[in-house]
Amino acid sequence: MAKLVPSGVYAPLPAFFNDKDELDLDAYVKHALYVAKPGVIPVVSATMGEAAHLDRQERIQLIQAMRSAFDENDLRQTPIVAGVGAPSTRETIALAKDAATAGAGFALVIAPGYFAGALKANPNSIKKFFTDVASESPIPVIIYNFPLIAGGIDLSSTDVVDIARAAPNVRGIMLSCGNVGKVSRITSQLGDSFTTLAGFIDFLLPSISVGSSGAISPLPNLAPELAMQLWRSTQTLDSAQGWEKARLLQEKASLAEEVLFSASVVGLKYLLNQKFGYPVTPRLPLLPLSGDVAARLSTSQHLKNLK
């Protein structure tokens, strides 16, 4: 049986580029260690990692660099989740095989959105996509349900249950659709062998109450310790004091994540540049953050409260 997807907090790491528009692996590795050492599980080549701007070899390089750094810094047990999204089944499978060879432990698979209209008109094609990828992937698959990025494709809880039962190598899902009811429906039918994760940290606490096993969020890129404090607080809710502690941490995380999402990947890169000096420039056609948005982020009290 395929290994279980761990419970906890996951963070999609941004890719950094130097002045020649090449990967800055030194900055990437430094940041990966900062995020992972407190216990956050890293995600390579997801939305915040500009996956759509990376070629096949660059995706491999990022995984290899991270795996080597983890192994050299007593983080051998930290798994790497690799985004393997691509427009076709064939390419998605190829990327999953690349990820496994490079050292990733799990493949994060998003529905291909280029022909979303045709796929939504024939829902069985979407289910077949996931089962086909899972059958060929050397590592367990995590579904990435993010309609905003997948051309509006939004898997229902019934779809997810059907896919998981048809493809044992599908071991979890990240619900960036933000639907807490979907968390409840999936966990109640698939049990502990399938890991259901909130797609944003801003509903981690509510989702825990209906069976979620964690969350994915860009917030740990800025505050991994706070993210882990919130996660640990959700595991000790057996008293009023425990609930209040979790609620206050959830409030702080939710308010900060909203600000972060308002500026997307370029905003995250700006904040990390201000904090650590990492390269700030995204790949074209994305442009660096405008001055007014940068000023708004710099003065945000919700982001300052993360310190």
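**Strands and a serine**

Analyst: Strand β5 (residues 141–145) pairs with β6 in the parallel sense over 5 bridges; pairing takes at least two DSSP bridges between two strands. Before we go on, this is a predicted model, where local features need pLDDT of at least 70, side-chain atom pairs count only at pLDDT 80 or more, and totals for chains, interfaces and linings use all residues. Residues are numbered from 1 along each chain as its sequence is written, and side-chain values use heavy atoms, with hydrogens and water left out.

User: Which residue in β6 does Tyr144 stand opposite?

Analyst: Met174.

User: And how are helices and strands picked?

Analyst: They're DSSP runs numbered from the N terminus: helices are H or I with at least four residues, strands are E with at least two.

User: How many residues of β6 are buried?

Analyst: 6 of its 6, across residues 170–175. Buried means under 20% relative accessible area, exposed over 50%, partly exposed in between (1.4 Å probe, protein chains only).

User: What joins β6 to β7?

Analyst: 4 bridges, and the two strands run parallel. Leu175 has Ala198 in β7 as its bridge partner. Between β6 and β7 the chain passes through helix α7 (residues 180–190), in a right-handed β-α-β crossover. Right-handed means that, with the strands pointing away from the viewer, the path from the first strand over the helix to the second runs clockwise.

User: Switching topic: where is Ser45?

Analyst: In the loop between β2 (41–44) and α2 (56–72). Ser45 has a relative accessible area of 6%, so it counts as buried.

User: What does Ser45 touch?

Analyst: Ala51, Leu54, Arg59, Leu62 and Gly83, leaving out residues up to four places away in sequence. Contact means heavy atoms within 4.5 Å.
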